[in-house]
Amino acid sequence: MAYCGVEELKEYLGVTGATDDAMLLTLLAAAQRTIDSYCARTFEATADTVRTFDSYRDVDGYTLTVDSDLCAITSIVNGDGTTISNSHYVTEPRNETPYYAIRLKASAGKVWTSTAAGDSENAISITGKWAYSTSAPSDIAHVCKRLAAYIYRQKDNAGDLDRAVMTGDGNVLLPSRLPNDVAAMLRPYMRKM
C-alpha cells in the first residue's frame, strides 16, 4: 500500500475519471520507493514480520540493538526459546517510535542468550512492525503525493532532459535529482547510519 491513495493523488492533480488510475498507482509506488531509498527507511508497516539478531554481536550487556526502525513489538523470543514478556524490557527511546534498541530490565533476571546448541547467530527473534510508524506521517504522505504528481506531469514534457520516464513494462525512471521542495521535506527524516 502506498503512503498516499490514488483518489488523493487525483484530487491533488485535478484529474477526474479512471483512465489513468493504473498509471497513478504505479507512480505512487515509484514515489514511495524513492522516498524510502532517499531516507534509508520504510515509513509504514501494517503487518508483522520477523527479524533475527545475534546474542553476542548485537548485544551490549542488557541492551539489544536492532538494525532497522521498529515501531511495534509483538513478541521477542530469546535464544533459549523463551518468550521475553513486555514487562521484562523497555525500548529505546522510551516514549516514541521508531525504536532502535531493547533493554532488559535488571529486575527481570533475564539475559540475552544463545541457542541450546550454543550458537549466537540469529538466536533472538523479534516479531513486530519494522518501519518508522504503523502509518506514514502526514508530511511523508504529502511528499509521496507531491512526488507522484511531479512524475505524472513530466510524462508529456518530452523537451525536459531531467524528467521522469515510464518504461514500457510500467517501471518509472526518475531523474538524478529530486525536486528541491521534496528533498527539503525529506531531509529531517533521513536515517542516520
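Q: Is Arg146 buried or exposed, and what is its relative accessible area?
A: Let me start with the idea: a residue is buried under 20% relative accessible area, exposed over 50%, and partly exposed in between (1.4 Å probe, protein chains only). Arg146 has a relative accessible area of 16%, so Arg146 is buried. Please keep in mind that this is a predicted model, in which local features need pLDDT of at least 70 and side-chain atom pairs count only at pLDDT 80 or more, while totals for chains, interfaces and linings use all residues. Residues are numbered from 1 along each chain as its sequence is written, and side-chain values use heavy atoms, with hydrogens and water left out.

Q: With which residue does Arg146 form a salt bridge?
A: A salt bridge here is a side-chain nitrogen of Lys or Arg within 4 Å of a carboxyl oxygen of Asp or Glu. For Arg146 the partner is Asp181, and the closest N and O atoms are 2.8 Å apart. Arg146 lies in helix H3 (residues 138–154) and Asp181 in helix H4 (residues 180–186), so this pair ties together parts that are 35 residues apart in sequence. Asp181 is partly exposed, at 34% relative accessible area. As for the labels, helices (H or I, at least four residues) and strands (E, at least two) are DSSP runs, numbered from the N terminus.

Q: How many salt bridges does a search of the whole structure find?
A: The search finds 11. One of them joins Glu7 to Lys10, with the closest N and O atoms 3.7 Å apart. These two are 3 residues apart in helix H1, so about one helical turn separates them. Glu7 is exposed, with a relative accessible area of 56%, whereas Lys10 counts as buried at 6%. Glu7, Lys10 and Asp21 are linked in a network of salt bridges.

Q: How do the axes of H1 and H2 cross?
A: Axes are lines fitted to C-alpha atoms, for helices over the stretch in contact, and angles run from 0 to 180 degrees between N-to-C directions. The axes of H1 (residues 6–13) and H2 (residues 21–39) come within 10 Å and cross at roughly 100 degrees. The two helices are therefore roughly perpendicular to each other; angles under 35 degrees count as roughly parallel, over 145 as roughly antiparallel, 65 to 115 as roughly perpendicular and the rest as oblique.

Q: Which residues of H1 and H2 meet?
A: Contact means heavy atoms within 4.5 Å. On the H1 side you will find Val6, Glu7, Leu9, Lys10 and Leu13, which meet Asp21, Leu24, Leu25 and Leu28 in H2.

Q: What is the order of the strands in the open sheet?
A: Two strands pair if DSSP finds at least two bridges between them. The open sheet has 4 strands in the order S2-S3-S6-S5, with antiparallel pairing. Its edge strands, each pairing on one side only, are S2 (59–60) and S5 (89–92).

Q: Where can I see these pairings residue by residue?
A: Start with S2 and S3 (residues 63–70), which pair over 2 bridges; Val59 stands opposite Leu64 in S3. Their hairpin has 2 residues between the strands, and Gly61 takes a positive phi near 65 degrees there. S3 and S6 pair over 4 bridges, and Leu70 stands opposite Tyr99 in S6. Finally, S5 and S6 (residues 99–104) pair over 4 bridges, where Val90 has Arg103 as its bridge partner in S6.
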